[in-house]
Amino acid sequence: MAAPAAPAPAPALGGPRAYAVWIAAVTAYSIAVLQRTTMGVAGLEAADRFGASATIVSTFVVLQLGVYALAQIPAGVLLDRYGSRVTLTAGAVLMALGQVLMSQTETVGVAMIARIVLGAGDALTFASAIRLVPAWFPPGRVPLLTQLTGILGQVGQILSAVPFVAVLSVAGWTPAFSSAAALSAIAALLVLLVVRATPPGIPRPRVRQDLRRIPVVLGRIVRHPSTQLGFFTHFTAGFPGIAFSMMWGYPYLTAGEGLSRPAASAVMTVLVVVAIVGGPLIGALTQRHPLRRSTLVLLIVATIVVPLLALVLWPGNAPMWLLIVLVSGYSIGGPASSVGFDFPRTDLAKHRLGTATGAVIMGGFIGALIAILLIGVVLDLLRPDGDYDLTSFRLAFAVQLPLLAIGVVGMLVTRRNLRRRMAVQGREVPPWREVWRSGRWRQL
């Protein structure tokens, strides 16, 4: 009797093919970040081109962020159903179309439609990119590579702050936005050629959900405390940097603090540089001490709150060192917000991660949407003539402080709920006094 055939060996994860797929996804995401932040560095030019107030110009970004945030759950459902290759490609195509439309129009209504289309494409991108990490790499590498995905994607901010601004200054509005659109078209082609949802030999989980049951499934995912903690983590650590980079950072530095364009671009570049340095460290700490992830985030949130409060209270123009400290806090908040994705990753089923990731992403962008809109409203109330000065910017930036307080409270409440659930499952988080007495603090 013939011996039964040996089972086929499991496909190896983390090889050269995996890194090729990951690099293609990161490239697509960095180009998405470029598209996302173009209005932030072109805000003053947009006001001139469309003859609009700060509230109207900020509405461009608010619409974009609103669509981005609201589309996260549908985008997650599509990601669970069709996989990263399809959603990344669709996202890049939509962003290219949005930027082509923005490059040609001089009408406020059409520009708003362009930002809505761009926001829809952007919503499909980041969750699709990070979904590839646990699919292609072993679990031990996932936290660090998730951080690196978010960090390297922020290279798009440098592209918008330096080459995009240069093209905008030299060639004008239409060539700048047309060039940005071309990059998204290239990203779509790259994804089609390189990206696959899973390695060869590993079938992609297919979710065939009854449409009538989708609300029930969504409710279970959203109500899970790991999803809620992820949401508030992304909200609290993420929204200040998003609001700064996408809308009000560049105008504040130039019109408020009086920096030159090159100096303002250099300060905006700090957003990326600090994240590149600090992000891998956050990823390593998250991987090594998974029970203290939320504590790490709360400490990083303090590096946002303290310099922001100092800036609001500072008499006269802020020194460059304070601006660098402020932007560094915003920057490190980006990798800290990505810790939010780790909570559902370790507590939810894999075929639900796309939807849960979408819910987490909503946190930072809903916060940024609110902050951007409130800052624009305060600026218009204080300076209805549009001649914004340092005082008006400082008072407008202060609206972020109560939002940060709400986020911290949300983190503490949802963390408590998650820890109670973990305790029922036999996973206790020892209190700090016990850690100190046992000497385990030396390992932290």
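Gly333 has 0% relative accessibility, so this residue counts as buried. Keep in mind as you browse that the model is predicted.

Where does Gly333 sit? Its place is in helix α15 (residues 320–338). Setting aside neighbours within four places in sequence, Gly333 touches Ala237, Gly238, Ile300 and Ile304. Leu271 is 62 residues from Gly333 in sequence, with 9.7 Å between their C-alpha atoms.

Leu271 also turns up around Phe244. Beyond four places in sequence, the contacts of Phe244 include Leu271, Met268, Val327, Tyr330 and Phe397. Phe244 is itself among the residues with the most contacts inside the largest nonpolar core, along with Leu65, Phe164, Trp173, Tyr252, Leu253 and Phe397. Helix α12 (residues 225–256) gives the most to this core.

| Core | Residues in the core | Some of its members |
|---|---|---|
| Largest nonpolar core | 79 residues | Leu65, Phe164, Trp173 |

Now for a pair of helices. The axes of α1 (residues 16–41) and α8 (residues 142–153) come within 8 Å of each other and cross at roughly 40°, and the two helices are therefore oblique to each other. The crossing of α1 past α8 is right-handed. On the α1 side, Trp22, Val26, Tyr29, Ser30 and Val33 take part, meeting Leu145, Leu148, Thr149, Gly150, Leu152 and Gly153 of α8. Sorted by class, this contact between α1 and α8 has seven nonpolar residues, four polar ones and no charged ones.

Conventions
Residues numbered from 1 in each chain as written. Predicted model: local features only at pLDDT ≥ 70, side-chain atom pairs only at ≥ 80, totals over all residues. Heavy atoms only, no water. Axes fitted to C-alpha atoms, helices over the stretch in contact; angles between N-to-C directions. Helix = DSSP H or I, 4+ residues; strand = E, 2+ residues; numbered from the N terminus. Parallel < 35°, antiparallel > 145°, perpendicular 65-115°, else oblique. Left-handed = near helix turned anticlockwise from the far one by under 90°. Contact = heavy atoms within 4.5 Å. Nonpolar A, V, L, I, M, F, W, Y, C, P; charged D, E, K, R; others polar. Core = buried A, V, L, I, M, F, W, Y, C linked by side-chain atoms within 4.5 Å. Buried < 20%, exposed > 50% of the residue type's maximum accessible area, 1.4 Å probe, protein only.
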